[in-house]
Amino acid sequence: MHIVEYRTLIVVWLVLVGLTAVLVAASFVSPALAVLAMLFITPTKAGLVLYIFMHLKYEAPLFKIMVLVALATLVIFIGMTFLDVAFR
Amino acid sequence: MSDPVHEALDHRDPEGARVGMWLFLLTEMLLFGGLFLLYAVYRGRYPHEFASAGKELSHVFGIANTFVLLTSSLSVACCLTALQKGQKRLCMTLLAVTALLAVTFLVNKWLEWGAKIHHGLYPGGPGLIGRPPGEVLFFGLYYSTTGLHGLHVLAGLIVLVVVLGLVAVDRVTPDDHVLLENAGLYWHLVDVVWIFILPLFYLTV
């Protein structure tokens, strides 16, 4: 059993709120910057929730492998769909 | 291990329970991933229509609800820490706070959808008739994605309240808390999905 300290959780929350502020600010600057911010900041935020809030960091390798397999499946799915749509 | 009395007393498998929960959550990720893929392909086909339709969504509701969900994720994570440290009362308070934040999210969603529907912006509604297909598609995806997410918030709210009751009657304890962990995992996933919905529908169009 792994206990994650309150302090760690609050720091992660502050980072999540800060990243959201950057994302929102970027969307008011220009559409191109908004897309760029989305591509980098959104997966970072999701990763922080998965890794710390959902304790993935402290779980056995099996959990990490399962998540990677699911994400890889999704990436292949998305990649092949775009290849299909682009060259139709 | 072969002692039958010992086995009868202790046949819990919290790690196995968490593996099961994670497997379920991964199917949820693929479910929402499919919707996001649909969004991406149609956005590629109708970039201008998505941009003009997206400007009609309320940034304020989207950003406020993001703050609500991020904070509820913090409170449910702290709730597990509290129970692991034996702070039952704090754990119950934090669970109640999380449930209240879930209700806040749903009320915001209700107000947001209500305003859109009032303007006739719903599938087949007067506000969408005669608009280009790309804009109709945007609102269709907006309602189906945020609607499915809203159902998950409602389900999560029910789970949180049930677990709050189980903590109160000591069915979920510092020694046996996998139910709380799994409820928390579900709630965090609801947050993760919203993290993607915010930029896709509210910010980058």
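1. How many cavities of 30 Å³ or more does a search of the whole structure find? One. Note that the model is predicted.

2. About 100 Å³ of space lies in this largest cavity. Its lining is made up of 13 residues. The closest to the cavity centre are A:Phe53, A:His55, B:Leu80, B:Glu181 and B:Leu185.

3. Two elements of chain B, α4 (59-84) and α7 (178-203), are the ones that give two or more residues to the lining of the largest cavity. The largest share comes from α7(B), with five residues.

4. Now the surface. A:Val29, A:Leu33, A:Leu36, A:Leu39 and A:Phe40 form a nonpolar patch there. Together they have about 520 Å² of accessible area.

5. Which helix gives the nonpolar patch its largest share? Helix α2 of chain A, residues 31-53, with four residues. A:Val29 lies in helix α1 of chain A, which spans residues 6-29.

6. Is A:Val29 buried or exposed? A:Val29 counts as exposed, because its relative accessibility is 60% and the cut-off for exposed is over 50%.

7. On the layout of chain A: the chain is divided into domain 1 (1-54) and domain 2 (58-88). The C-alpha centres of these two domains of chain A lie 21 Å apart.

Note on methods: Residues numbered from 1 in each chain as written. Chains lettered and ligands numbered in written order. Predicted model: local features only at pLDDT ≥ 70, side-chain atom pairs only at ≥ 80, totals over all residues. Heavy atoms only, no water. Patch = residues over 30% accessible without salt bridge, like charges linked within 9 Å, V, L, I, M, F, W, Y side chains within 5 Å. Areas by Shrake-Rupley, 256 points an atom, 1.4 Å probe, with all protein chains shown as cover. Salt bridge = Lys/Arg side-chain N within 4 Å of Asp/Glu carboxyl O. Buried < 20%, exposed > 50% of the residue type's maximum accessible area, 1.4 Å probe, protein only. Domains from an automatic or database assignment. 1 Å grid on protein atoms, 1.4 Å probe; cavity = no way out; pocket = protein on both sides within 12 Å on 5 of 7 lines; lining within 4 Å. Points joined across faces, edges and corners; volume = space filled by probe spheres on them.
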